[in-house]
Amino acid sequence: MPTAIQDVPGNQFHFSSITEMVEVRARETPDFPIIAVPDKHFQFHQYSYRDIDDGANRLAHYYTSLGVQPRQQGDVSSSIVTAMLAPSSIDYAINELAFAKMGKQPCILSEPPTHRQALNR
């Protein structure tokens, strides 16, 4: 069932998945900022639809190069769940989108940041 996303009153856009929505928006409004993430100095860095879509595509290709096989449409026999240990950050969301583009359901386990990771943010 399509998901209705309403950006402007009266305008309704229908998508069959979050990956489709991001891909369409990356084509239509590539530079539109969709998320802002603070660094350790509370300076916000904005990410656009293009940034998120490009990052997810690069990750999906990287995972494929490591041997994680994308599911083909109609495939009901291969594994759908892929587990990953990752720190909570913007990378978490991009990893989820990358796995979704591969037809996988991510099971991302969040690890607490180490002292070094906390200083680098």
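Q: In what order do the elements of the chain run from the N terminus on?
A: In this predicted model, the order is β-β-α-β-β-α-β-α-β-α. That comes to four helices and six strands.

Q: Why is I94 called buried?
A: Buried means under 20% relative accessible area. I94 has 11% relative accessibility, so I94 counts as buried. I94 sits in helix 3.

Q: What makes I52, G55, A56 and L59 contacts of I94?
A: Contact means heavy atoms within 4.5 Å. Once neighbours within four places in sequence are left aside, I94 is in contact with I52, G55, A56 and L59.

Q: How far apart are I94 and D51, in sequence and in space?
A: They are 43 residues apart in sequence, and their C-alpha atoms are 9.6 Å apart in space. For the chain, residues 24 or more positions apart account for 47% of the contacts with a separation of 6 or more.

Q: How do you know that the length of helix 2 agrees with its number of residues?
A: The expected span is 1.5 Å times one less than the number of residues. Helix 2 covers residues 49-65, which is 17 residues, so the span should be 24 Å; the end C-alpha atoms are 24 Å apart, and the two values agree.

Q: Which residues of helix 2 are buried, and why are they said to line one face?
A: The buried residues are Y49, I52, D53, G55, A56, A60 and Y63. Seen down the axis of helix 2, they fall within an arc of 165 degrees, so they line one face of the helix. These residues pack against helix 1, strand 3, strand 4, strand 5 and helix 3.

Q: What does the face of helix 2 turned away from the buried side carry?
A: That face carries R58, H61 and S65, which are exposed. Exposed means over 50% relative accessible area.

Note on methods
Residues numbered from 1 in each chain as written. Predicted model: local features only at pLDDT ≥ 70, side-chain atom pairs only at ≥ 80, totals over all residues. Heavy atoms only, no water. Helix = DSSP H or I, 4+ residues; strand = E, 2+ residues; numbered from the N terminus. Buried < 20%, exposed > 50% of the residue type's maximum accessible area, 1.4 Å probe, protein only. Arc of directions from axis to C-beta.
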